[in-house]
Amino acid sequence: RGHTKTMKPSYHTITGLIFAAIALAHVVRIAYGWHAEIGGWEVPLSLSWAALLIAAYFAYQGLRLGKKR
């Protein structure tokens with residue numbers, strides 16, 4: 001109760017790490033050329049490039065905001 005700093009990881013840090021893992025998964029998919037299929041639809045690699053950029057941005061922002069605490 002009167003502590004100004006806690007040792008718990010912040011929501012932003014955890015979210016940033018989750019998005020970093022997602023970005024890494026897209027990097028691996030692109031690097032190895034793995035095929036992905038959702039409901040019979042083959043997901044193009046170009047969609048993974050877009051998802052990589054978005055996930056990397058969210059990871060950066062989450063980790064940046066988590067550091068401000």
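Me: How much of the protein is buried?
Reply: Buried residues make up 19% of its 69 residues. Keep in mind that this is a predicted model.

Me: Which elements does the protein have, and in what order do they run?
Reply: There are 2 helices and 2 strands, and from the N terminus on they run α-β-β-α. As for contacts with a separation of 6 or more, 58% of them join residues 24 or more positions apart.

Me: How many residues does helix α2 have, and what should they span?
Reply: Count 1.5 Å a residue: the 23 residues of α2 (residues 45-67) should then span 33 Å, and the end C-alpha atoms are 33 Å apart, so the two values agree.

Me: Which residues of α2 are buried, and what covers them?
Reply: Among them are Leu52, Ala55 and Ala59, along with Gly62 and Gly66. The cover over the buried residues of α2 includes α1.

Me: What makes the nonpolar surface patch?
Reply: Start with the general idea: an α-helix has 3.6 residues a turn, so residues three or four places apart point the same way. Here, Ile14, Ile18 and Ile22 make a nonpolar patch of about 240 Å². Ile18 is found in α1, and its relative accessible area of 48% means that Ile18 is partly exposed.

Me: Is Ser10 buried or exposed?
Reply: Buried means under 20% relative accessible area, so Ser10, at 5%, counts as buried. Ser10 lies in the segment before α1 (11-32), and its side chain makes a polar contact with the side chain of Thr13 (3.0 Å).

How values were computed:
Residues are numbered from 1 along each chain as its sequence is written. This is a predicted model: local features need pLDDT of at least 70, side-chain atom pairs count only at pLDDT 80 or more; totals for chains, interfaces and linings use all residues. Side-chain values use heavy atoms; hydrogens and water are left out. Helices (H or I, at least four residues) and strands (E, at least two) are DSSP runs, numbered from the N terminus. Buried means under 20% relative accessible area, exposed over 50%, partly exposed in between (1.4 Å probe, protein chains only). A polar contact is a pair of N or O atoms within 3.5 Å; within protein, one must be able to donate a hydrogen and the other to accept it, and residues adjacent in sequence count only if both atoms are side-chain atoms. Patches are made of residues with over 30% relative accessible area and no salt bridge: like charges are joined within 9 Å, nonpolar side chains (Val, Leu, Ile, Met, Phe, Trp, Tyr) within 5 Å. Accessible areas come from the Shrake-Rupley method with a 1.4 Å probe; for residues, only the protein chains shown count as cover. A salt bridge is a side-chain nitrogen of Lys or Arg within 4 Å of a carboxyl oxygen of Asp or Glu. The expected span of a helix is 1.5 Å times one less than its number of residues. Contact means heavy atoms within 4.5 Å.
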